[in-house]
Amino acid sequence: MVVGTVALVELLIHVFFHVSKSETWMSETARAVTDVATLALASLTALFFWVFKPLLLAERRALTEKIVNTERDRMQRYLDVAGTMLVVINRDQSIALINRKGCNVLGHEKSDLMGKNWFELAVPEKVRSDVKSVFSRIMDSGPDAKQPEYFEGAVITKNGEERTIAWHTALLKDDQGTIIGALFSGEDITERRRTEEAIKGYAEQYETLKATDLFGYLLVDEKGNILDSNESYCRMTGYTKEELSSLSIPDLEVIDNPEDVARRIRKVIADGKARFESRHRDKEGRVFDVEISLAYFRSQKVFISFIRDITERKQAEEALREKEYLLSESQRIGHIGSWSADLATDAITWTEETYRLYGVSPGQFTPTAESLIGLLHPEDREAMREHIKALAMGTGAAPDELEFRVILPDGSIRMLRGRGEMILSGTGRPIRLVGTVQDITEQKQAEEKILQSKQDWEDTFNTITDMVTIHDKNFNVIRANKAAEQLLNLPLLGDSSRKCYRLYHGAESPPASCTSCKSLITGQLTVVEMFEPHLNKFIEIRAIPRLDKNDRMVGFIHVVRDITERKKLEEQLFQSQKLAAVGQLAGGVAHDFNNILTAILGDVYILGMKLGDQGPLTPYIEDIRASSEKAAALTRDLLAFSRKQVINPRPLDVNALVQKMQKLMAGMAGEEIHLNIVQTDPDLTVLADSGRLEQVLMNLVANARDSMPRGGTLTISAGRARMDDAYIAEYGFGRVGDYAHLSVADTGTGMDDQTRKRIFEPFFTTKELGKGTGLGLSIAYGIIKQHNGFIDCFSAPGAGTVFNIYLPLALDERGAEERPGAPARGKECILLADDDAMVRKTTKEVIEESGYRVIDASDGEDAVRKFNENRNDIQLLIMDVLMPGKSGMEAYEEIKAMKPEVKALFLSGYSDEIIHRKDVLDESLNFLTKPSSPVMLLTRIRELLDR
């Protein structure tokens, strides 16, 4: 029994390893197992014949079974280390033996397999019946049975997976040669078959690609030589396959930089594959763009290239880039950006111009609804939120545009206009929002300028005080300014049914003197002045032709000026010119008469000095003096009439001035105005020119009268005022001191604050055109300032107006106009210059009678010459202002340049020269009017010399 078992094991091992002897990795293992088995059999044989034979049969059988089992376990361990599946199947199809590899492939434990039907357990159902039939037929074939030594078949694993096994087989026979089973040695080739199938598929695809018209194909060695090609690439280049076989890649590829090509080849060899774009050259030299898919096979050291002609794609891409560039440039030039929002992904896309319009960059800003709103002016953010909400709820119709402001990073503000709409799918489902945004800053500024220009034109058109009406060729008024509407008492704008001749002349047809008719005929500007009874005004009508862009007459423009006041002023001017002529005559007579009176008064003074106070002729002398002084007063009145009175500040009682002018002011105010005089302080003496202050008061009374056309109350107040630091701080003008306060208050219409601030500006007037020069208050302001005083105004609409005048008090000057006593005598040298010989002679005698030395000069040039000869002796100049050649002022300026400390006294009947060239008060020049009494002259001489 043992021998039979050993023989069976030896047979199994011998058959298994004989079948597998082709597998080199099994050879050494088989020999080792054979040696071990041989040694084991020899040992068993020796033990059987020499040791165990005498034992009892039972003991021998037990021992034999134990040995067999031990050897079987040892053999199983040997079989488990085999790298292939080893399966022994009994004749009855049960599994007699299986190694670990077999269990692993099938996914079963050994205990689950042993004794089970191999075919029911491991063979797929679809081939199970056929395989079982073949196995049974072999098992029943007898000693000469033939079995396939190699076949491939499928097995089913425990989890139902089908695996492919390459089987090597051997029949197992007993000692009599009867087939008792079969030994199967199998290798799992499932992955290899799959790989082979894949390779086969790849090969088929490769051949398909190679034969396709879509790609060109090149097989290239490492040196760049072309080994193979396809028809598609031949058509691309115009070469035949034979011609390409004689070429290399440098013959076909346009290479700009060989180093780049070498670097690319090294990378392909390292990576095994690459895809890139290049340019190839065909047989005719034409260069075309290609896309190359390149693979490197290390085993064969070749490159396979699939080449696609992408010329048209490149052209399309270039055209697309050009379109995108044109779109981008168009958006940039037009300041129009675009955007889109995908509702499925919430992704928002902006064009480059959109980023630029908002002043952000794509790399630093992610567009979202909220981030967009954050860029806007705070006042526009809520409107944008509502706009976005309206877009999101849209149905495909474009919502209204939205204008908003955006704040750029530099702080500047731009105005943008946004517009968007919803895009719907074919089923009406919202899928996308798209829109545009445009910079309209310049447009808005232009619109504002246009609107402002239009408004400026309207304002200018309506500010023109002349009546301006625009007409068509049929004399219809189609537009008029406010002056025309008010004067004609009609709202004319937009009314084309009003004929100009009806409005201006009250006629049913154009009058014979119609300026418009003349302009329509001649095409030239026509001007006519006339008295229009319909308007009861003198008017000047200027008819100006209106031409279209082709210089065709389409109508005319009337500019009508009310010249009624101008006509009155012309009459007044004519009258004033007559009065001016009389005044000029009076001034000339007064000047000459003053010289005569000066001589008479001088002679009377000398005569009185010679005869004494108690002489029999004294009464006659006094009569002559009194008559001369009356004559002097008459000359002063003539000078006042001719407005050539001298600026001559003297101590003046303000109360007396007001009382003196009360009757005159009442007459100017008129019967409808009540004049009220208020005097609160009896002692108000100032140093002033009476005539100039009278002029100021009369100007203020005239303004008050004009502000009370329906009557009212005019109050003239005189009193004392004190200016301190608190007063100056509150009212913003003045100097600390005591002042005489004159107030002129009316109950008229008053002025607003804006008008009040400009009331003293030259040529500013609130009166109608032609009713005021705008100089009255500015002259009054200048006169008060000339007297070192202040004038201001308080007024409000409907509350009347108050003018306040402040003049510095001069209390120490009281009595300055009293007759002086006998003048003091002197011995100084005086230069006397007068062109009137009689005046010069008499004045010289009067001065010399008081002890002075007198050098006389006949004119200005003579005075300069004689002063130059006697400059060290002369201490005082007495100069007539008006002399032929060089005037007294001109001579004084030359002498002062030679001797700056020289003193001067000027004499004249009027002093236009001084007024025009030097202000007497500002310059503190000493002045004495002609005729002056000899006593006054001598007194002033002494005062000047004693300073």
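Guide: Happy to. For what follows, two residues are in contact when heavy atoms of theirs lie within 4.5 Å. Please keep in mind that this is a predicted model. The protein averages a pLDDT of 77, and 77% of the residues score at least 70. Residues 1-49 have a pLDDT below 50, and in the model this stretch has 48 contacts beyond near neighbours in sequence. Residues 640-646 also have a pLDDT below 50, with 18 contacts counted in that way.

Is N870 buried or exposed? Its relative accessibility is 18%, and buried means under 20%, so N870 counts as buried. Once its neighbours within four places in sequence are set aside, N870 is in contact with R853 and I855.

Which residues of α28 are buried? They are V839, R840, T842, T843, V846 and I847. As background, an α-helix has 3.6 residues a turn, so residues three or four places apart point the same way. After α28 comes G851, whose phi is positive, near 100°.

Now for the wider surroundings. The largest nonpolar core has 40 residues, and V654, M665, V686, L714, I716 and I805 are those with the most contacts inside it. Helix α24 (residues 690-707) gives the most to this core, with 7 residues. Taking I805 and leaving aside its neighbours within four places in sequence, we find contacts with V696, L700, A740, H741, L742, I784, F790 and I791. Another core, of 23 residues, lies apart from the largest one, and L106, F135, I165 and I179 are among its members. In soluble globular proteins, nonpolar side chains tend to be buried together.

One last stop is a hairpin. Strand β6 (residues 216-221) pairs with strand β7 (residues 226-229) in the antiparallel sense, over 3 bridges. Within this pairing, L219 stands opposite D228 in β7. There are 4 residues between the two strands, and G224 in the turn has a positive phi of about 90°.

Technical notes: Residues numbered from 1 in each chain as written. Predicted model: local features only at pLDDT ≥ 70, side-chain atom pairs only at ≥ 80, totals over all residues. Heavy atoms only, no water. pLDDT = per-residue confidence, 0-100. Buried < 20%, exposed > 50% of the residue type's maximum accessible area, 1.4 Å probe, protein only. Core = buried A, V, L, I, M, F, W, Y, C linked by side-chain atoms within 4.5 Å. Pairing = 2+ DSSP bridges.
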